[in-house]
Each structure stands twice: as C-alpha cells, then as structure tokens.
Amino acid sequence: MDKITIKSLTLYAYHGVNPEEKENGQKFILDVTYYLDLSAACQSDNLDDTVSYAQVVKIIRKVFCEQSYDLIERAAQVVCDALFEAFDKIEKIEITLQKPDAPVRAEFDYMAVTLQRERTR
C-alpha cells in the first residue's frame, strides 16, 4: 500500500473542554497520512488516479474548523470520517493531532492523539 503524507498542517480552531478554549481558540497541528494504491497514478501522471493533497487539506480545514469539540479524539475522528466519505480510493488513514498550547500546568512540546482507521466496506 502506498501513502501520501501531509506534515504539520497548522489550523486555528476552538476545541477543548475549558470555556476559554472554546471562546479564544488555539493552534492545532495535524500530521495526516493516507494510504491508497498509487500504481495507476505512477504510470498515468494523471491527477484523477490519485487523491489530491490539496483537496484533502481543503476538506480537513472545513470539517476541523466548522464545529467545536471538547476532545481532540473526536476532532481527529471527524477528519477521518470526512476523508473516507470524500475519497473512495483512501483505504487507511493515520492522523496525529497535536495541541501545543493545551491548558496543562507543565512544560511540554504538545499533547496529542494518534488515530489509525481503515475503511470498512
């Protein structure tokens, strides 16, 4: 299985349990890898034989930012669901959603959740 990776997609959204997170928002960073068969695209050089990362980013941005969720787990799942719905060629998705400014009294780079989902037919 081949893969396409989008690394460090930075979006501003309003996810979190605390009221100030929902009111003020914060930065989130997404690493998204989606798995599909790219053999036709490798031969044809035709965009129709792949899943455009530009289109994937457009969908991620839309679904990630259009609604507020308490948990980053839910926000990541919504992204997976939307990508499976939009692109039949995608067979598997791995997403890591980082929350670098999580309201935790500790020194850290980020808090994150990683989901791995496979298409069920």
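Lys 99 is found in strand S3. In this predicted model, local features need pLDDT of at least 70, side-chain atom pairs count only at pLDDT 80 or more, and totals for chains, interfaces and linings use all residues. Residues are numbered from 1 along each chain as its sequence is written, and side-chain values use heavy atoms, with hydrogens and water left out. Helices (H or I, at least four residues) and strands (E, at least two) are DSSP runs, numbered from the N terminus.

Lys 99 counts as buried, at 9% relative accessibility. Buried means under 20% relative accessible area, exposed means over 50%, and partly exposed lies in between (1.4 Å probe, protein chains only). Beyond residues up to four places away in sequence, Lys 99 touches His 15, Gly 16, Glu 21, Gln 26, Phe 28, Ile 72, Phe 108, Tyr 110 and Met 111. Contact here means heavy atoms within 4.5 Å.

**Salt bridges**

The whole structure holds four salt bridges. The criterion is a side-chain nitrogen of Lys or Arg within 4 Å of a carboxyl oxygen of Asp or Glu.

Asp 31 lies in strand S2 (residues 26-36) and Lys 7 in strand S1 (residues 2-13), so the pair ties together parts that are 24 residues apart in sequence. Is Asp 31 buried or exposed? Asp 31 counts as buried, at 13% relative accessibility. Lys 7 counts as exposed, at 61%. Their side chains also make a polar contact at 3.4 Å. A polar contact is a pair of N or O atoms within 3.5 Å; within protein, one must be able to donate a hydrogen and the other to accept it, and residues adjacent in sequence count only if both atoms are side-chain atoms. Leaving aside neighbours within four places in sequence, Asp 31 is in contact with Ile 6, Lys 7, Ser 8, Glu 94, Ile 95, Thr 96 and Gln 98.

Lys 22 is partly exposed at 32% relative accessibility. Asp 70 is partly exposed at 44%.

Lys 62 counts as exposed, at 52% relative accessibility.

**Helix H3**

H3 has 13 residues. Its first and last C-alpha atoms are 18 Å apart, close to the 18 Å expected at 1.5 Å a residue. The expected span of a helix is 1.5 Å times one less than its number of residues. At the N-terminal end, Ser 52 caps H3. A side-chain oxygen of Ser 52 lies 3.2 Å from the backbone nitrogen of Ala 54.

Which residues of H3 are buried? They are Val 56, Val 57, Ile 60, Val 63 and Phe 64. These residues cover an arc of only 145° around the axis, which puts them on the same side of H3. The arc is that of the directions from the helix axis to the C-beta atoms. The face turned away from the buried side carries the exposed residues Lys 58 and Lys 62. Cover for the buried residues of H3 includes S1, S2, H4 and S3. Ile 60 touches Leu 9, Leu 11, Leu 30, Val 32, Val 79 and Leu 83, not counting residues up to four places away in sequence.

Buried residues of H4 include Ile 72, Gln 77, Cys 80 and Phe 84. The buried residues of H4 pack against S2, H3, S3 and S4.

The largest nonpolar core has 34 residues. Such a core is a set of buried Ala, Val, Leu, Ile, Met, Phe, Trp, Tyr and Cys residues joined through side-chain atoms within 4.5 Å. Leu 30, Tyr 34, Ile 60, Phe 64, Leu 83 and Leu 97 have the most contacts inside the core. The elements that give two or more residues to this core are S1, S2, H3, H4, strand S3 (92-99) and strand S4 (111-118). H4 supplies the largest share, nine residues.
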